[in-house]
Structures are given as C-alpha cells and as structure tokens.
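Welcome! Take a look at the chain first, and then we will walk through it together.

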Amino acid sequence: VKSKCYQTLIRPMLEYASIVWSHYLVTLIDKIEAVQRRSVRFILNDYSRTSSVTSMMESLNLPLLESRRTCNRAIMMFKILNNIVDISIDPTVLVPNTLPTCGHNQRFRQLPVRTNSFG
C-alpha cells in the first residue's frame, strides 16, 4: 500500500514538468532523488545505515527518477516530431547529419542558455 501511495501521490509531484527543467541544476536533482530514497526506506521500514537503498529500489521495481525523466524526454520528442502534440520545433535546433556512417539524420542540439529564464 505504501508503494502504491508513493507512486500515485508523491512521484507525480517529483516529476511535474520534468521535461522542461530536467538536467538544470545537479543540486536540485540530487534533492529530488533523496526524496525518493527516503520514501523507499519508509515503504520498506528499513532505516539501517548498512542497507542498500539501490537494492531496496530494485526489490520494489522502482527505477531512478533520472531514468524516468530521460525516457519522458524521449517520448515527448517523439510526440513533437510526429505531430502528436501541437508544439512546433525551431528548424535551427535540427543538426544535419554530415557523417553518413555515424548516427542518424534526426539529431538535435541543445541550445545554450546563460540565465535561469529563456524566452
């Protein structure tokens, strides 16, 4: 019951709008991962310092939030490219594939930003 409550009530709050903010500040990402790690200890009622939280997460079949964010970003890009969502993509983001033996022809580059807001 604790695991299902975490997955339906807590995790959605930790992942809210993660497609937008993911990979922003490592310190903030670490804090979010720490919430999941504390939740796993609470779910299993195991607060021992010698217990491995990673193995506890595996026993509960809970992936890292980082891997979930990566997967969600890939899903969103698929939806954007296939016009499943109404978001247009700037053509300057597309990077042409210059090496025919390396990669594929739909690579993207990340636009550099220097501030906390971009618009």
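Let us begin with helix α3, which has 19 residues and reaches 27 Å from its first C-alpha to its last, close to the 27 Å expected at 1.5 Å a residue. The expected span of a helix is 1.5 Å times one less than its number of residues. Please keep in mind that this is a predicted model, in which local features need pLDDT of at least 70 and side-chain atom pairs count only at pLDDT 80 or more, while totals for chains, interfaces and linings use all residues. Residues are numbered from 1 along each chain as its sequence is written, and side-chain values use heavy atoms, with hydrogens and water left out.

**The overall picture**

- The protein contains five helices and two strands; helices (H or I, at least four residues) and strands (E, at least two) are DSSP runs, numbered from the N terminus.
- Starting at the N terminus, the order of the elements is α-α-α-α-α-β-β.
- Of the 119 residues in the protein, 21% are buried; buried means under 20% relative accessible area, exposed over 50%, and partly exposed in between (1.4 Å probe, protein chains only).
- The accessible surface of the protein is about 9300 Å², and carbon and sulfur atoms account for 59% of that surface. Accessible areas come from the Shrake-Rupley method with a 1.4 Å probe, and for residues only the protein chains shown count as cover.
- Among contacts (heavy atoms within 4.5 Å) between residues at least 6 apart in sequence, 42% join residues at least 24 apart.

- The buried residues of α3 are I29, I32, E33, Q36, S39, V40, R41 and I43.
- Is Q36 buried or exposed? Q36 is buried, because its relative accessible area is 1%.
- Leaving aside residues up to four places away in sequence, Q36 touches Y6, L14, M57, L62, P63 and L65.

**Helix α5**

- Helix α5 covers residues 65–81, and its 17 residues should span 24 Å at 1.5 Å a residue; the end C-alpha atoms are 24 Å apart, so the two values agree.
- The buried residues of α5 are L65, R69 and I80. Seen down the axis of α5, these buried residues fall within an arc of 55°, so they line one face of the helix. The arc is that of the directions from the helix axis to the C-beta atoms.
- Here is a handy rule: an α-helix has 3.6 residues a turn, so residues three or four places apart point the same way.
- The buried residues of α5 pack against α1 (2–14), α2 (18–21) and α3 (26–44).
- C71 is also in helix α5, and C71 counts as partly exposed because its relative accessibility is 42%.
- C71 and I19 are 52 residues apart in sequence, yet their C-alpha atoms are 9.6 Å apart in space.

**Loops and positive phi values**

- Most residues other than glycine have a negative phi, and most peptide bonds are trans.
- N61 has a positive phi near 60° and is a residue other than glycine. N61 is found in the loop between α4 (53–59) and α5, and N61 is exposed, with a relative accessible area of 67%.
- N83 follows α5 and has a positive phi near 55°. The loop between α5 and β1 (94–95) is where N83 sits, and N83 counts as exposed because its relative accessibility is 65%.
- I84 lies in the loop between α5 and β1, and counts as exposed at 52% relative accessibility. Not counting residues up to four places away in sequence, I84 touches F78 and K79.

**Rings and charges**

- How far is the charged end of K2 from the centre of the ring of F42? The charged end of K2 sits over that ring, 4.3 Å from its centre. A charge sits over a ring if NZ of Lys or CZ of Arg is within 6 Å of the ring centre and within 35 degrees of the ring normal.
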